[in-house]
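Biologist: Thanks for joining me for a look at this one. Shall we go through the fold together, one piece at a time?

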Amino acid sequence: MTGNIKAGIDIGGTGTRIILRDDKGTLDTRTIATAEFAAIDIHDRAGALASHVLSLVPAGRKLESLGIGASGPVDTTLGIINNRDTLECFSFFPLVDEMKARLGVRVGIDNDAVAAVLGEYYFGAGKGSKRLLMVTLGTGIGVALLENGQPFRTVDGQHPEAGHIPVSGNPATCYCGLRGCWETLASRTWLQQNLESLLPDIAFEKHDVNFYKTVALQREDVASVFHRYGNYLGRGLATLLTLYGPDLTILSGSAAHYYPLFRPGLEEALCRADAYATNNWIVPSELGDVAGALGATMIPELT
């Protein structure tokens, strides 16, 4: 026995990952398709989620706390997700209160980007950082900043949706309402759509970075897509590095696997005069897809 168990849940638009850990390490993990919860009556969704958590707790052990990271916006004060666009099935009801009632433990909630950066700070590539910036490149873009381990907040105590900042004159309107929004141009979604338009017979998610390295050497148009993607990513990142001045930036999410291919375009966008140089120390995630759920186990400690 190594202490009571802490649970973490990372709720995304596609999958919901649960992790249980104690002082020794990870005990168990499970991933459920988020669509399964959408098929359950809204009044029973928290109960179904709680049942999955309890089913992973070993006999004779006690659950101490639960942290939830969710695709935002998230109201951390009321414990409610307000994401009509990508996580409607868990939005607009008191998820935290319902999980407390069913589990009888402390429950905290935060944006999934905060959960992921907490994971890297405590367990991964961000250990020892004084000001840690993390950008998650998935279906959308998640951004989180830790100052000595504490999440940066807006004046009302909420997490700023820094993936939604204007970076170009692109006429396309993001679901957030902005034209030229960073998320529209630099999420994995943009990269996947543009690669699949050039390679219609190749499923993007089934091929790794080595496959695309080979293709990019053979086809200039494919190499150009990765370069443009890095450039778009760099436009938003340049703003964040200037404003926040982190000592370390971590890239995570499924698109971060292709960092070697889009790095030249990214570095080009970050190039500036010496007098205005920023700290461009950028590394890939160490924890990968488990960062969010693992980091969520720390959320109750912050509330």
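Biologist: What order do the strands of the open sheet of 5 strands have?

Modeller: This is a predicted model, where local features need pLDDT of at least 70, side-chain atom pairs count only at pLDDT 80 or more, and totals for chains, interfaces and linings use all residues. Residues are numbered from 1 along each chain as its sequence is written, and side-chain values use heavy atoms, leaving out hydrogens and water. Strands (E, at least two residues) and helices (H or I, at least four) are DSSP runs numbered from the N terminus, and two strands pair if DSSP finds at least two bridges between them. The pairing is mixed, and the order is β10-β9-β8-β11-β12.

Biologist: Why is one side of β10 and of β12 left without a neighbour in the sheet?

Modeller: β10 covers 150-151 and β12 covers 282-284. Both stand at the edges, so each has a single partner strand.

Biologist: In which sense do β8 and β11 pair?

Modeller: Strand β8 spans residues 131-137 and β11 residues 248-252, with 5 bridges between them. Leu133 stands opposite Thr249 in β11. The sense is parallel.
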